[in-house]
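Please read the following note beside the sequence and the model.

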Amino acid sequence: MKPFTVVLTGNPNCGKTTLFNALTGLRGRVGNYAGVTVERKEGSLTGADARFPVTILDLPGTYALSPQSPDEQIARDILFQRVADVPAPDLVVVVVDASNLQRNLYFATQVIELGHPTLLTLNMVDVARDRGHDIDTDALSKALGVPVIPMVASQGEGLEPLRQSIRSQASSPGTRHVIPREFNELPEAFGREAQAIETALERHFPHRSRLAAAEALLLLSDERALPTDKTNTDGNTNGNTANTRYPEALIEQVLSARRRLEAAGVDWRSTAIEARYARLFAIEQHVTRETPPPDELLSDRIDRVVTHRVWGPLIFVTVMALMFQSIFWLAKYPMDGIEAAVDALAQWVGSSMPPGDLNDLITRGAIAGVGSVVIFLPQICLLFLFIGLLEDTGYMSRAAFLMDRLMSRVGLHGKSFIPMLSSFACAIPGIMATRTIETRQDRLATILVAPLMSCSARLPVYTVLIAACIPQHNGWPGLTLLMMYLLGIAGALGMAWIFKKTLLRGEPPMLILELPPYKRPMLGAVLRQMWDRSKLFLKRAGTVILGINILLWFLATYPRSSELQHQFDQRHAQWKQAASNPPTPAETETLKRLDQEEAGEKLRQSFAGRLGRAIEPALKPLGFDWKIGIGIVTSFAAREVFVSTLSVVYNVGGDSENTASLAEVMKSERRDDGRKTYTPLTGLTLMVFYVFAMQCVSTVAVVRRETNSWKWPLFQTVYMTSLAWILAFLTYQVGTRLGF
Amino acid sequence: MRPLSTLIPGERAVVARIDIPPEQRGRLLEMGLLPGTPVELVRFAPLGDPVEIKLRNYHLSLRKLEADKIQVH
């Protein structure tokens, strides 16, 4: 049978997620809504009667029914029964923060007016009491016309009555009754227009007739509720509202109603908001008994330090430094473990299967490919853990508060800071973290520049190039590394500024940022969230990376030359004949070198090798030869592949521990005219190229998902690659002129 | 009447008028910042912008650019 659907909704920071976790026993499922990247959290009510299963859907935090972000839009559309794969709610549970009653009730009363069976949970009554607000729940219930359950969700208080209430409604759905209420005392002219639109809505959408009154009010007072050219051009902002097409006549009716109101001197935008707040003020006065609050709240005391002129930035820098140190160093151990495990698995599979193309495909294509994604899992998990902790404690909004001034210089938002910072570890979680940014232009600008921050996959590339090309004294290696990181930051900020000035120009974004009270993080929930998000990353990026790696494997393996194979088979046979049994260390070394030579020769003959040669003309002005070209071609999927490819190209062997020996070989590499290939200038040019080039298929895949179109990831790849080429060109040409 | 941004930290006032264009100020009104609402300026961020205010028992942060356009008395 169809489960009873409970929809959980409320303002951000009202404790909704805590309640969801408590009701579903941390066993919720996380996914995405079709077509948009808003987290969809769903779970079954624990302890529900098996005959009457209950599904709980946790909507994103929402301030009002006129959405400002994709998150809020999904919440509104579900409440308005506009999302195709979400059933009409059987019960709506609105969570209200008792210590912030008026603003929470603004949304709550909007929801109550929708006419769904509704229940209000008054959360954090303990905090409210500590602050001197004693709320009479019965009086509130009477004033709102819905049941009110007082609660301290974080301590499990009030959970049982809520469960019971949900259970009893699920088992006898016939008994619920709905009292439509309106919490606006609207001016007469306004009410009349709203009434007329309501009637028209009932006629056009009979299946949603109980929503008509609330929808009429929204249509009249929210100018973005009516579809306009602006909101309909992009799939991302209006992806799920296909079944909300309003007939032309209705749109015209709304527009003319607004004109009439304007003519009569009524501000149709603010009238309903002001009327509602006036009513809520009266309700609050009626249901709350105020006692003098304590001198200063703990949260305010913390804020005095954390946002202090001197201590604030200091604490911020310390927190960020600690975060990144641990992402780099803590993750190192599990990463080494994963690498060893993947290598061992590949070896085991490789030796237990008959050698051949299939063996090669599985070990070098599939296992190595998936391994190259899984290796980043520890970093991504740690990053999500820290972000979760920062969000859950309330520090995240303080970070945005502190950084907003700096980010606004390049036209961005304080909220863009964390995604950009996260991209130092990996652009993928960074891009996923842009979901908190409301304005579409700001979010896109942040997504477009995030991969310019030097991620951890660039580190192996920088390391080997620095070892091979840069003088190893006077701190040059460290200085070069620092320069590359700074170059990435400068590039990201500069490009953000350019995008905001040109492509993504919009009204300067308004910062409306709530600074919620600090709270102790719920570790279980944070860990759970970390794992859910990481899993989502693995699924999304993993499948694409696997496909691309198989493609690259194909390019690097085929076509096979039988002549070449024959030649090497002969040399192997020769070696076997000459070798003693068991082979001496010197003979083993000869065999190893022969194998490496074979791998290198085969790669040079392959499609990838030919591609490397084919793009050589484009690389010549940068001072790169076709061997570097092969590295650039194969590392298109992931930057770090550059290192392993060069190892194969220079016959060093593809093992990761060979970085040092690879650098030695690179140092002795000569061009046709006898000059060294890897001069400091070549190294620098190549590093500049890698700072700016996209070279990461997982990022492309994630941007595709997050923007819901191919347009942006393609644009991003093109602009980054062009930028990389141009800046590498400038570096090389200027360097050559200067005589390096 | 004077702009909200001219209050000193800890000073309280009442919103008189919001001079932000109607089509941009919707969310601000929905957050409860309306003419007649008592507000307190809590602090400026370390770099002088944005500003933190307190209204209806919660804390909200706005840029000075907007706070300049909110008249209080």
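The points below concern a predicted model and proceed from the contact to the strand pairs.

1. The contact draws 32 residues from chain A and 28 residues from chain B. On the side of chain A that touches chain B, helices H3 (101–112), H11 (271–287), H13 (311–329) and H17 (395–409) and strand E10 (513–514) each supply at least two residues. The most comes from H17(A), which gives five residues.

2. As to composition, the residues of the side of chain A that touches chain B comprise 14 nonpolar, eight polar and ten charged.

3. Which strand of chain B pairs with E10(A)? The partner is strand E5 (residues 58–62) of chain B, and the two run in the antiparallel sense, with two bridges between them. Within this pair, Glu514(A) stands opposite Leu60(B).

4. E5(B) also pairs with E4(B), in the antiparallel sense and over five bridges. Here Lys54(B) is placed opposite His59(B) of E5(B). The hairpin of these strands has two residues between them, and Arg56(B) takes a positive phi near 40 degrees in this hairpin.

5. Strand E4 (residues 51–55) of chain B pairs in turn with strand E3 (residues 38–44) of chain B; this pairing is antiparallel and has five bridges. Phe44(B) faces Val51(B) of E4(B) across the pair. In the hairpin of E3(B) and E4(B), six residues lie between the strands, and Gly48(B) has a positive phi near 90 degrees.

6. Taken in order, the pairings link E3(B) to E4(B), E4(B) to E5(B), and E5(B) to E10(A) across the two chains.

Definitions and conventions. Residues are numbered from 1 along each chain as its sequence is written. Chains are lettered from A and ligands numbered from 1 in the order in which they are written. This is a predicted model: local features need pLDDT of at least 70, side-chain atom pairs count only at pLDDT 80 or more; totals for chains, interfaces and linings use all residues. Two residues are in contact if their C-beta atoms, placed from the backbone, lie within 7 Å. Helices (H or I, at least four residues) and strands (E, at least two) are DSSP runs, numbered from the N terminus. Ala, Val, Leu, Ile, Met, Phe, Trp, Tyr, Cys and Pro count as nonpolar, Asp, Glu, Lys and Arg as charged, and the others, Gly among them, as polar. Two strands pair if DSSP finds at least two bridges between them.
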